[in-house]
Amino acid sequence: MTWFPRLYALFFLFAIAAVCVSSGQCQDRPNVLLIICDDLNDYIAGLDGHPQSRTPAIEKLSRQACLFTEAHCNIPICGPSRASLFSGIYPHHSGCFGFERWDRYPVLQNSKMMMELFRENGYQTLGTGKLLHHHAKKLWDRFGHLADYGPFAFDGQDRVAHPQVPAPFREIGTVDGSFGPLIPLEGISFPDGKKYSWKTGNWKRYEELRVVSRKERSRTGDERNALWAAEQLRQLADSDSDQPFFMGVGFLRPHTPLIVPQEYFDRYPLDSIRLPEIRPGDVEDTFAASVRGESDKGSEMYTRLLESYPDRETALKHFIQAYLASVASVDDLVGDLMEVLEQTGLVKNTIVILTSDHGWGMGEKDYLYKNSLWQESTRIPLIVKLPGQSSPREISHPVSLVDLYPTLVELCGLEGTTVRNRQGHSLDGFSLLPLMNPRGSVAYRGPDEVLVALYKWAQRYEPLQQSYSLRSRSWRYIRYENGKEELYDCAADPLEWHNLVDRDDRLDTLKEFRARIREWLPADLATPPQPEAAGNSNKGPGKTGGKKSGPQDAEKWKAAYFKKHPAADANRDGKLTWPELKAYRQKIGELPSKK
């Protein structure tokens, strides 16, 4: 940070201090509350993603904050996106494109995560819920609850999809093939004759979730995280310490399974649900299918959803209803946290950030999932409320999640390097403060577009062999790993219906983007070092990202998996076969299932 931007940041801190003095709170540095939702697209107030979305708490927050209307993730899949957010490093610089643990990538091992720099600067760091994909509790001074992917329906032997979800969609698995209201299941007769109850937790540990009635039930994972965060905020407010805090709160919804209390479904009657605008045949001029391979989750989910209901409209209405209900449930929890900030007075000196790791497609281009380079997957909410701010500001300049880290460095006056040694990587993003204060004397130094990478499983990730998108104010350019391209005039075609890549009158624009992506990804771009050994139980044998495994390693891996998942033995003969293992992993969502 040069002296001039540093001076600019100091002026901002002085302004915060003035607000604090006038309010009777004289803490020198602002607190930070970072709220991250999972799979939340633009279905919130202010972004107009869906006309029926009702998010009053988020709307109230955005009326007193900076709303970035063209914020995007850097890779639209959970694990790598969160690694990029908390490290401030692009996937092509870290090597983290996939689901290997982020802390096994040498570049990320030798770079400081956001909360580490806060702690080095005297902040108390607190976290709860799904923040980093692998939580790394040691990075926080205090950590609440691990990520909870429930509620799950339980049939007496296994966690399964919601019993009201029809086949073949439910066969996708416990997570992505499941949605519906959290209702009492005991005493209900289902067509399959099974008795169901509720469980909640993650893949390592789960417990009973009691649902007796609407009013008498256990709390969901998201509700537990909100309660934990609220209690910590009250304790911090009551404390005599003037130590500032950095708190991260990770909500799971609207990640699948889209299961939330009935009251949220009641807000969106099924027959009233409006579908997004989808152009028939819109997928036909795209090329994503040419690089996805045969097990493409988004296409499979879309196809199976439509096969599970009488017609396309009914199918999408059911899923969108569950998604809107899940968004509403998170909005209530955001409102609870903001209410605590206001009641305790912490709001006067706390920066509040609300965002998501990536978006989600709702059937556009025959795709129902994340992990695409189109607007539905890449666009995210990004709301930043500064202490003392009482009026809204909309910012349309394209920004991305890697910009959050340098923005907080400047807003909070954080000192010190973000790398541990030469094997680490410096921050890739740019402070958004000049965009948030356009009357300031420092111009925004960031790029005119955002770069988004696409996840595709591989044993080794070569950055120049991946697929990417560039999104500017008016254009989206996509270059797939096989060289195929898409070009959209987003100013005239915001839904990205018309691929203009073959239009002669757009050749100059196409050439400009080809040149721009070469600047982002030069031919001499080095491949970041990869994890030496994966050991990733979500991938299975032979998919180590490093060394190849042989038959003995595979059998050893299967035996270890069987020990952790005895329910995988379908015929209960005490032996786990490879077909049984594959079927079980497809059932619980660890592997994509096929027809």
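**Close-up 1. Pairing of strands S6 and S7 in the predicted model.** Strand S6, which covers residues 152-154, pairs with S7 in the antiparallel sense, and two bridges join them. Within this part of the predicted model, Phe-154 stands opposite Arg-159 of S7. The two strands belong to an open sheet of four strands, ordered S7-S6-S9-S10, in which the pairing is antiparallel. Strand S7 (159-160) and strand S10 (206-208) stand at the edges of this sheet and have a single partner strand each, so one side of each is left without a neighbour in the sheet.

Close-up 2. Strand S20, made up of residues 475-479, runs antiparallel to S21 and is joined to S21 by five bridges, and Trp-475 stands opposite Asp-489 in S21.

Close-up 3. Helix H3, spanning residues 78-87, is mostly covered, with 10 of its 10 residues buried. The buried residues of H3 include Cys-78, Gly-79 and Pro-80, the charged side chain of Arg-82, and also Leu-85 and Phe-86. The buried residues of this helix pack against two strands, S1 (31-37) and S13 (350-356), and against the helices H4 (91-94), H5 (106-109), H6 (114-120) and H13 (404-411). Just after H3, Gly-88 takes a positive phi of about 70 degrees.

**Close-up 4. The second largest pocket and its lining.** The second largest pocket has a volume of about 560 Å³. Its lining is formed by 28 residues, and those that lie nearest the centre of the pocket are Asp-42, Asp-48, Gly-49, Glu-364 and Leu-495. By residue class, the lining of the second largest pocket divides into 12 nonpolar, 12 charged and four polar residues.

Notes: Residues numbered from 1 in each chain as written. Predicted model: local features only at pLDDT ≥ 70, side-chain atom pairs only at ≥ 80, totals over all residues. Heavy atoms only, no water. 1 Å grid on protein atoms, 1.4 Å probe; cavity = no way out; pocket = protein on both sides within 12 Å on 5 of 7 lines; lining within 4 Å. Points joined across faces, edges and corners; volume = space filled by probe spheres on them. Buried < 20%, exposed > 50% of the residue type's maximum accessible area, 1.4 Å probe, protein only. Contact = heavy atoms within 4.5 Å. Pairing = 2+ DSSP bridges.
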